[in-house]
Amino acid sequence: MSTEPGVCIIGFGSRGLGVLERIVTLTSAPEWGGRPFTVDIVDPRCDAIGIHDPAQPDYLLLNTTCSQVSPFPEEATVGDTVGDRGPNLYEWVRERGLRLAEDGYTLGPAGREIRADDYLPRRILGEYLSWFLQRVVDRAPGHLVIRFHRTEAAELTVLPDGNRRVLLDDGGVLTTPYVFLTTGHTPPAALPEQDRPLGEHRRVREIYPPVSRFADIRPGQTVALAGTGLSGMDALAALTLGRGGSYTRVDGTLQYVPSGDEPRILLYSRTGLPFRARPRANRQGRLYEPLVFTAEAVDRLRADAPEDGLSLHGDLLPLIRTEMRIAFHLRCAALLGGDGDRRAEDRTAEDRTADALRAAVAAGRLDSELDRLDAEHRTAFGLLDPEELLFPEPGDLSGSRAYQDWYGGRLAEDLEQAEAGLAGSPLKAALEVLRDRRELIRRAVDFAGLDEKSHDEFYGSFTAVLNRSVTGPQLDRHQELLALLRAGVAAVPLGPEPEVAWDEADGCWRLSSTRLAEPYSATADWLCHATSGQPDVERTGSRLLAGLVRTGIIRRHRSAVANSRGVDLTRGLHPVGSDGAADERVWVLGPLSEGTTFYNHYVPSPGGFSRALSDAHRSVVEMLSAVGEAAGEAGGEAGGETAAEVSEKKSPTETSSAKVAL
């Protein structure tokens, strides 16, 4: 069987879009030689928006500021093969004259100008990604054929000649040499009717899209809402703002104005701890260089680690905790030294403190220097305890009222820090190490870097610690949550780990505290799960993935570890089958990789290295190199340079139009 050079991209959100952009850029280069290549894209929508549907309401917000969103690759990630440059999301909305209404979330022609640190509606990212897709397609070369198949892939099999056969839900069949699996957040398998638990008719397991998911919830009913992170805040917004409620300020305090169509909402979570809000202003000035939690330190740890991997608490967390203390004291020094008033050429108090800390590292006396800074900064800023910051215990558990008072107080305290921003809050600066150094965390844990016990804890609970600390809701959402608590529309009465059960006799959900000294119980008409788990390849609702597991083409990473649910991959991002062999004609990118690699569910940011775009780049380079080598073997000199050689050179920014089959 003869198959033209090409690839099938299955799943087309932001990860699939990144793969397509790299193919367009690298096959546009003169070194590619104008050889024909075909890209088949299989996705029900084929618009690259993923979960960012432009039809969703404006009150559903991104939790990344608009200036920190861009799918355009940069030199830090792809070297000289950038291929195209364009506006980030902030610049894009400004170019279109969009403004932010007085309510703080509605985007349109009226209101104030958009600021770089605004959190914009999620739907506008969908429009931006669709625009970017069209821009990518428009600059594709004429020898590149792009075909969109608006359906799902149902089956993937290996043919005797090594090519792949992709069966589509609409009955179509594709034959291709290479495949990218970028299917994103695939849902879990539906329970058989006989296995459905009681109360399932009053349970909402997936809250998106919330307008339709919550349509059966009537005004005045009680909703038990499990989850207080980003999805929980989306659910709250949908059940309040989405029901016609609004907010107003009275004497400087935000107050909720009910519409009368809201349900009563009981919030709870496993830990009983609120998330921390994102800072108002993310950063001023350059990102400081780490002193102890460095790439070199991580590499030494992995080189010296036992055969089964690093210890989370014994090896990795000590470096992170120390770097948090360093970041804290650098920000303290800057604030006490008035660095904001100094000329750029002056040595600032932060610079001098960094020099002293570097000298202490070199002399082997860092702990004593940090202890000295603890004493120096304690009066003005308190004492930072990274362990307590990462692993706090919920506050007053004597009873429901006391716990709710503690919860509201914790929210208010964190909002003060968030309002100060990274420049004004040493505590937020310390926590931001977890976000700024995420790539180093990946370097430590990816590809079985942790021992099995640590791996299980990392993906079972520590990722939740990271999310709660630095990828929480927008500051405004927590201001709104406090207003809802004051208005009595929402409550957090149950404490950590409540027991939840369906009462068949009374036809309601019963919720009971398990850790409050004075027990508390409540009933609810509906139970809603506002949590987002990772795809589980062994319990997937995807017919395609289930078939790949069943036939042994893919398997779960570290099957002995309960909380490792993603696809087992090589360092080249090729799936490893049940026989232990890697399939080097298939690449898996995005959330399906979670477990083998860490943190695969984000949209790229400008101004630095992007793992998402790097994964796409190196995978496409490998694929096109294989195509070039095969062409060279078949036609002598016709093969031209490989894609690896192309990637060393700068790609042109303008090419002829592609052939696009819709």
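Strands β2 and β6 (residues 144-149) pair in the parallel sense over six bridges, where strands are DSSP runs (E) of at least two residues, helices are runs (H or I) of at least four, both numbered from the N terminus, and pairing requires at least two DSSP bridges between two strands. This is a predicted model, in which local features need pLDDT of at least 70 and side-chain atom pairs count only at pLDDT 80 or more, while totals for chains, interfaces and linings use all residues. Residues are numbered from 1 along each chain as its sequence is written, and side-chain values use heavy atoms, with hydrogens and water left out.

**Around β2**

On its other listed pairing, β2 joins strand β1 (residues 6-10), again in the parallel sense, over five bridges. The chain passes from β1 through helix α1 (residues 14-28) to β2 in a right-handed β-α-β crossover, that is, the path from the first strand over the helix to the second runs clockwise with the strands pointing away from the viewer. Residue Val42 is the bridge partner of Ile10 and also stands opposite His149 in β6.

| Strand pair | Sense | Bridges |
|---|---|---|
| β1 and β2 | parallel | five |
| β2 and β6 | parallel | six |
| β8 and β9 | antiparallel | four |

Strand β2 (residues 37-42) has six of its six residues buried, buried meaning under 20% relative accessible area with a 1.4 Å probe, protein chains only. Phe37, Val39 and Ile41 lie on one side, and Thr38, Asp40 and Val42 on the other.

**Nonpolar cores**

Phe37 is also among the residues that touch the most other members of the largest nonpolar core, which has 73 residues; the others named are Leu20, Ile23, Leu89 and Met623. Such a core is a set of buried Ala, Val, Leu, Ile, Met, Phe, Trp, Tyr and Cys residues joined through side-chain atoms within 4.5 Å. Helix α4 (residues 122-138) gives the most to this core, with eight residues. A second, separate core of 46 residues includes Leu370, Val465, Phe598 and Ala612. Beyond four places in sequence, the contacts of Phe37 include Ile23, Trp32, His143 and Met623, contact being heavy atoms within 4.5 Å.

An open antiparallel sheet has three strands in the order β7-β8-β9, with β7 (153-158) and β9 (173-176) at the edges. Within this sheet, Val166 has Leu174 of β9 as its bridge partner.

Elsewhere, Ser593 sits in the loop between β21 (586-588) and α19 (611-635) and is buried, with a relative accessible area of 2%. Leaving out residues up to four places away in sequence, Ser593 touches Leu569, Val588 and Asn600.

Note on methods
Buried means under 20% relative accessible area, exposed over 50%, partly exposed in between (1.4 Å probe, protein chains only).
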